[in-house]
Amino acid sequence: MKPVKPVKFMKPARIPRKASAALAVTALLTSPATTAFAQDGSRGVKAEEVRAAGVFVPPSPGRLAEALTYDVKLVPVGARIAVVERAGERVGGRAGEEAAGAATDVRLWVSGLLPNRMYGAHVHTEPCGRTPEEAGPHYQNVKDPEQPSTDPAYANRENEVWLDFTTGSGGQAASESRHTWRFRPGEARSVVIHEHGTATAAGEAGVAGARLACLTVPFE
């Protein structure tokens, strides 16, 4: 009987971290914005997923693109962005007992931006428009009665969705924000990229400079 030769397994190719953001954006650009529903029976997890992606272009008098740049020096035409929201409700506990908890996970990828630079980014309440202001204020889980909101009790990373990022040498970056609450239907509609990182001090909390670019996202 001939001896069995051992099977050699190829090691998976390692993708450089700095390239992962560009690959994620490219993958999402090939698939349209979707809302998907999935359930993991082993853990009782129900999840919805929303995807949106685009290539930044300036606003035009005609039909607006999904991804708009208002400052072509800091967010060049042709730069790319992708956003994925995964929202779900986990059900568990003893038999006949249900313990539900809402959760939202928002992830952002960009490529083609200026290298080695920090940008601010937040979820806003309105779709992108021809002017930066049309995206409305930041989405807040608990709304600040005073607007614009600069009170750290409301304008903070737990009550809002902050996605600040710093690009690598190739202009790519990724960020993520997780929360234990869900968006109210129709009240979260876009992601706006800002001039610099988000401030946290009283009187300027949530401020991140000029609105440079915007992606319309149909958040659930």
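**View A. N116, an exposed residue with a positive phi.** N116 is exposed, with a relative accessible area of 57%; here buried means under 20% relative accessible area, exposed over 50% and partly exposed in between, using a 1.4 Å probe and protein chains only. Although N116 is not a glycine, its phi is positive, about 50°. The residue sits in the loop between β5 (99-111) and β6; strands (E, at least two residues) and helices (H or I, at least four) are DSSP runs, numbered from the N terminus. Please keep in mind that this is a predicted model, in which local features need pLDDT of at least 70 and side-chain atom pairs count only at pLDDT 80 or more, while totals for chains, interfaces and linings use all residues. Residues are numbered from 1 along each chain as its sequence is written, and side-chain values use heavy atoms, with hydrogens and water left out.

**View B. An open sheet of five strands.** The strand order is β3-β10-β9-β6-β7, and the pairing is antiparallel; two strands count as paired if DSSP finds at least two bridges between them. At the edges stand β3 (67-69) and β7 (165-166), each with a single partner strand, so one side of each has no neighbour in the sheet. As a reminder for viewing, side chains in a regular strand alternate between the two faces of the sheet.

**View C. Bridge partners across the sheet.** Three bridges join β3 to β10, and T69 has A213 in β10 as its bridge partner. Strand β9 (residues 190-194) is joined to β10 by five bridges, with S190 opposite T216. Two bridges link β6 (residues 118-124) to β7, where F165 is the bridge partner of Y119. How many residues of strand β10 (residues 211-216) are buried? Five of its six are, and the strand is mostly covered.

**View D. The disulfide of C128 and C214.** The structure holds one disulfide, defined as a pair of cysteine sulfur atoms within 2.5 Å. The sulfur atoms of C128 and C214 are 2.0 Å apart. This pair links distant parts of the chain, 86 residues apart, with C128 in the loop between β6 and β7 and C214 in strand β10. With -85° about the S-S bond, the link is left-handed. Both C128 and C214 are buried.

View E. Which residues is T125 in contact with, leaving aside its neighbours within four places in sequence? They are A135, G136, P137, H138, Y139, G186, E187, A188 and R189, where contact means heavy atoms within 4.5 Å. For H138, which is 13 residues from T125 along the chain, the separation of the C-alpha atoms is 6.1 Å. P148 lies in the loop between β6 and β7 too, and a cis peptide bond joins Q147 and P148, with omega about 0°.

View F. The whole structure contains nine salt bridges, each being a side-chain nitrogen of Lys or Arg within 4 Å of a carboxyl oxygen of Asp or Glu. In one of them, R182 pairs with E48, and their closest N and O atoms are 2.8 Å apart. R182 belongs to the loop between β8 (173-179) and β9 and E48 to strand β2 (residues 45-55), so this pair ties together parts that are 134 residues apart in sequence. Both partners are partly exposed: R182 at 27% relative accessibility and E48 at 24%. E49 forms a salt bridge with R86, with 3.6 Å between the closest N and O atoms. Because E49 lies in strand β2 and R86 in strand β4 (residues 80-92), the pair ties together parts 37 residues apart in sequence. E49 is buried, with a relative accessible area of 17%, whereas R86 is partly exposed at 39%.

View G. R184 and E187 form a salt bridge whose closest N and O atoms are 2.8 Å apart. R184 counts as partly exposed at 24% relative accessibility, and E187 does at 25%. Elsewhere in this view, salt bridges that share partners join D105, R107, E176 and R178 into one network.
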